[in-house]
Amino acid sequence: MMTLTKRKTWFYFIPYGLWLGLFVIAPLALIFYQSFFNLDHHFTFSNYANYFQSLTYLKMTLNSVWYALLITVFTGLISYPTAYFLHGLKHRQFWLLLVILPTWINILLKAYAFIGIFSQAGIANQFLSFIGIGPQQILFTNASFVFVATYIQIPFMILPIYNALDDLSPAFINASQDLGASGWQTFQRVIFPLTLPGVKAGVQAVFIPSLSLFMLTRLIGGNKVITLGTAIEEHFLTTMNWGMGSTIGVVLIVAMVIVMLLTGDQKPKGGTPR
Amino acid sequence: MTEPIVELEQVTKSYGTHTVLKDISITLEPGKFYTLLGPSGCGKTTILRTISGFTTVTSGNVLFKGKRINDVPANKRNVNTVFQDYALFPHMTVAENVAFGLTLKKMPKDQIDERVNQALRLVQLADFGDRAIDELSGGQQQRIAIARAIVMQPQVLLLDEPLSALDAKLRREMQYELRDLQQRLGITFLFVTHDQEEALAMSDEIFVMNQGEVLQSGSPVDIYDEPINHFVADFIGESNILPGKMMGDYQVAFGGHQFECADAGIPVNEPVEIVIRPEDLNLTEPEHAKLKVTIDTQLFRGDYYEISATDRLGNDWLIHSVNPAEDGETIGITFRPQDLHVMRYDEKEEEFDARLETYEGTEDDDLDET
């Protein structure tokens, strides 16, 4: 009986184990392995030495983190009120679906759509001409890069926040009002702290991918913003320096781990949320 | 009479075509323990929410100390609620929970600490301030919820089935504590429950509700002894309810005989219902009996036997007796005239009270001597 259950458990583990081995552990190991080889396929630590001694790479790292931060902050500022508003609506499942809908469209297609919108003769410039400001250079600016990246990330932030709001018992809001709290005080002291896990999940889902957005930096940002993602792509596809590309990859992975730890679900002093 | 603290005047609440409160008028006086008693879905929690401000009424007035508060939002009302599931904030400690309302008032910190400690002492959890909410048992959470409400020093405390999540023993303990707390604080408690025992044990006055209406209000003894109709008699305590006919003042017929009773003011020959509480029935020899019944079954309940019997017309009788009977035995039962309570069909509370006025007081005294 015991062996049977054990064998069964093993059986169910096979797909997950394969997936884990082939698509998580093996690539990580390969990147780590590659990062210790130079262009001549000799074992070396010089990639890491280069990375941490070169101003270009450090600036690039800072750039990546800074833009990812900007994107995350803007996404958060838009997503929390949106999720809150959606949650109060009558047909909220329908409105939520509309928010999710754009995520089903390929990111490349959306990027090309924005090239059209932001171009010299695009709708955005037509509008600016109409209100008398005149056409501006919108495409290939840092602002347009942040704008489009924020647009793409918003659904991934709204969903976890919406779910957190959904899990929040209305009794807490009633209790807060009953004790004399105004709407804003209730939000500040009860609703926001209790939905913070949703915000943290949203930050993880947005900040980490934003560190390595290379397609948008090129298509929308015009390669003016060089992020770590761009650098990795250049090293693997253009300079063919796989070792250096892998080193940057390792740095990115470490950065992700740090973000995960910072936004992880620590137990708040008052007990578990929800 | 003291000035009422809370009044509902002809309050009606509807959701679309569904009416949950029908023309409710109740008055709460300061310093009393009131209970709204009724089955689930009867509207008792809705009444609480109209007073706390979480529900707006469709028509009628909600008054607080004589002032209309229909449009005053919940956070501006001087009443506090103990919620059914406590609703303690899980991201705060016990002390932070209790202090919540006071910190909103921007009260100095030492004053807050003092009042929080005082409230925690009052619910006998003085050393629990630094605990997390999920470290508390259900009974402790219950007390913290009470502390969080009373620290605000409300003039009316609303309690929404606060004991329903506790086990039977703890519930009995909390009944004593709540009653004691109410008397020490001297404020008005409005307690919502579907448990008639709870209501009878704690209240100064009970409002019995069903389907959005207050059927009867009065002291626990009044309601127990003189239920207005079948529903109230059945809902409160155990009872034998039999169809009968009024034969004149203080004379009623049921079970094939005519008996002396304590009720009057009902037209002769009017069909009525008779209520006799099982503990008011005594077993006796058949020849001394007012009625003869055949014992069906009996259950030993510890302090009494619960005997189920049938009379010759087929009416079921429930008898509480300290002595056992024998199954299948034909036995006599007796009762006193004042143990009978006559209920008219469809009598409203005002009519009932008015009718009682006409003969009670004078008759009560000499009936009690028999």
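## Terms and basis

Buried means under 20% relative accessible area, exposed over 50%, and partly exposed in between, with a 1.4 Å probe and protein chains only. At 51% relative accessibility, B:Gln153 therefore counts as exposed.

This is a predicted model, in which local features need pLDDT of at least 70 and side-chain atom pairs count only at pLDDT 80 or more, while totals for chains, interfaces and linings use all residues. Residues are numbered from 1 along each chain as its sequence is written, chains are lettered from A and ligands numbered from 1 in the order in which they are written, and side-chain values use heavy atoms, without hydrogens and water.

## Chain A

Chain A has 12 helices and zero strands. Helices (H or I, at least four residues) and strands (E, at least two) are DSSP runs, numbered from the N terminus. Along its principal axes, the C-alpha atoms of chain A fill a box of roughly 80 × 70 × 35 Å.

Of the 274 residues in chain A, 40% are buried. Contact means heavy atoms within 4.5 Å. Among contacts in chain A with a separation of 6 or more, 68% join residues 24 or more positions apart.

## Helix H5 of chain B

H5(B) covers residues 168-185, 18 residues in total. From first C-alpha to last it reaches 26 Å, close to the 26 Å expected at 1.5 Å a residue. The expected span is 1.5 Å times one less than the number of residues. After the helix comes B:Gly186, with a positive phi near 70 degrees.

Which residues of H5(B) are buried? They are B:Met174, B:Gln175, B:Leu178, B:Arg179, B:Leu181 and B:Gln182. An α-helix has 3.6 residues a turn, so residues three or four places apart point the same way. The cover over the buried residues of H5(B) includes strands E3 (33-37), E7 (156-160) and E8 (188-193) of chain B, plus helices H3 (109-122), H4 (138-150) and H6 (196-202).

The face turned away from the buried side carries exposed B:Lys169, B:Arg172 and B:Tyr176. B:Arg172 has a relative accessible area of 52%. Its C-alpha is 20 Å from that of B:Pro39, 133 residues away along the chain.

## Positive phi in two loops

Most residues other than glycine have a negative phi. B:Gln153 has a positive phi, near 50 degrees. B:Gln153 sits in the loop between H4 and E7 of chain B.

B:Glu161 also has a positive phi, near 40 degrees. B:Glu161 belongs to the loop between E7 and H5 of chain B. Is B:Glu161 buried or exposed? B:Glu161 is buried, at 9% relative accessible area.

## The largest pocket

The largest pocket holds about 600 Å³ of space. On a 1 Å grid over the protein atoms alone, a pocket is an open set of points where a 1.4 Å probe fits, with protein on both sides within 12 Å along at least five of seven lines; lining residues have an atom within 4 Å of a point. Of the 27 lining residues, B:Glu213, B:Val214, B:Leu215, B:Lys348 and B:Glu349 are the closest to its centre.

E2(B) gives the largest share of the lining, six residues. Elements of chain B that each supply at least two include E9 (205-210), E10 (213-218) and H9 (349-359). By class, the lining has nine nonpolar, seven polar and 11 charged residues. Here Ala, Val, Leu, Ile, Met, Phe, Trp, Tyr, Cys and Pro count as nonpolar, Asp, Glu, Lys and Arg as charged, and the others, Gly among them, as polar.

Notes
Grid points are joined across faces, edges and corners, and a volume is the space filled by probe spheres set on the points.
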